[in-house]
Amino acid sequence: MHEADLVANTVKAWLGNPISRSLLRWVSKRTDKGSKLESALKKYIGEQEKLSFQEKLAYAIVKLALNKGSESFGVSKEQLVESLRNPMVRRGITNVLEGIGHYGVQRPQTTAAPFLIVWNFTKQCNLKCKHCYENAGPKPAPDELTTEEAKKAIDDFKSAGVVALSFSGGEPLARKDFLEVTKYAADKEFYVSVASNGTLITKTAAQKMREAGVQYVEISLDGFEETHDKFRGIPGAWKRAVEGIKNCVEAGLDTGVATTATHYNLKEIPKLVEFIENDLHAKRFIVFNFIPVNRGKEIADQDLTPKEREELLDFLYSKLIDNNRKLDAFSTAPQYAVTSYKFALGPVVATHFTNRAASEMLKGRTKSLTEFIGGCGAGRLYCGMEPNGDIVPCVFIPIKVGNIREQSLVKIWRESTVLKQIRNRDAFKGCGECEYKYICGGCRARAYAYFNDLQGPDPGCSINQKYWEKIAKSNEHSKFKIASSESIPRGIKCPLFLRQPINFQNFLNMASSAVLKLEIE
Ligand code: SF4
Ligand code: SF4
């Protein structure tokens, strides 16, 4: 067994051991006053002075585990203390450990509460995009959460242990209380990001977002001007989105550009990458997987074939590992985790939840690590919330599993049978038989959209080619009209030299710290 895998598996064995797991479960169990684990972590960095008897006991256990962990994996105590000073890191660690305490060590792991919630803040939008998964329109929905309810939801998310909130829509800036609510979330120490069409982000708006505590803004560009405006349904949308991106960069916000890849824009993507990096100076380019839900159903024939998706992911990864580039290229397609796993060089990609620092941390990947993160995070590390407080496994899966007005997030997260179904990868059709099922798992939203089955195959992957062909063959009877693999000219090719056999030997040293971060923290 490779040394890095040995380290990961030893930690797993430790956490999987019934005695240490019971200890962990006890330490991570919340009391009326909050989390003992969080108090212990605060004490460890010298921030919490007075501890109750139970908290003292928890602190002794946590101290032992952290000291042992840092010793074994070559991370100094100072380094550990430094990263623990960040409240988001502490909340994240507590969430993961509490998840291990509650669910045991899993492949892939489920956290105690979603790490990330994507909040469709409103149904209101000033554009008319062809692929809109929210069926957004000019007016908000009549039952959207009020400002007070929104703040109450944030309080509930905090006590559950959620780390990051992403405000999406519709167009989140269309709501008048957008800045008030994002500021409230940032003040509660959430990592706050915003997904926007960019058209309302003036210089002043960008500055105000920064002041409110927004840390990351992601603006959609679906190609160059003609393609984008056609896709978004409003002339001038491209120019305003580009202005919005520039305004965010100028205001010092961490800025990314998102593109939903379809046949409309596939061939523009290489040039778009250059434009985003050199002209817009955004830090991140993320390709969204197209999912035929709501208005997107009408353009299912524009979905990429499995082969095209694979080539696109190879292309993106070749950009990501190119050290001469300032731009990081990612994709929400869970198969991107497999792409990164197959390459000899470079970092592992955790699809939706990643950034450059996280990927670098995961350099020197091992199967255990990639299986811990596990590609699609729906219902496991992440969930969505609709404008009216409905909780959904993913914003692209229109199945209500609860409502935040009626139940706590933790109750929904722990008890929903739909979420339990999504977490059980062994029961998946197609993907369940794949060697990458714990690394990727396939997009559950695509399985549901195409087969009406959350445990169905993701037909967007070349390993599931037969399912893609099945849909293509039944085109005349199906609500979906997709392209067969043969009928579409190839889009993007990845340089052949990048396709090398896996070689973990180069990454031994990096792996040990990554194991510590993921498995202990
Ligand atoms: S078959 Fe499913 S799990 Fe395997 S790589 Fe393809 S999409 Fe992922
Ligand atoms: S179902 Fe999973 S892979 Fe698909 S969009 Fe949602 S989180 Fe991403």
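I began with the shell around ligand 2, which has nine nonpolar, three polar and one charged residues. Here Ala, Val, Leu, Ile, Met, Phe, Trp, Tyr, Cys and Pro count as nonpolar, Asp, Glu, Lys and Arg as charged, and the others, Gly among them, as polar. I found 13 residues surrounding ligand 2, the closest being C376, A378, C394, C443 and A445; a residue is near a molecule if its C-beta atom, placed from the backbone, lies within 6 Å of it.

A note on the source: this is a predicted model, where local features need pLDDT of at least 70 and side-chain atom pairs count only at pLDDT 80 or more, while totals for chains, interfaces and linings use all residues. Residues are numbered from 1 along each chain as its sequence is written, and chains are lettered from A and ligands numbered from 1 in the order in which they are written.

Next I looked up cis peptide bonds. One joins R107 and P108, with omega about -15°, and P108 sits in the loop between α6 (87–103) and β3 (116–120). Helices (H or I, at least four residues) and strands (E, at least two) are DSSP runs, numbered from the N terminus. The bond from G169 to G170 is also cis, omega near 15°.

Which phi does E189 have, positive or negative? I noted a positive one of about 65°, although E189 is not a glycine. E189 lies in the loop between α8 and β5 (191–196).
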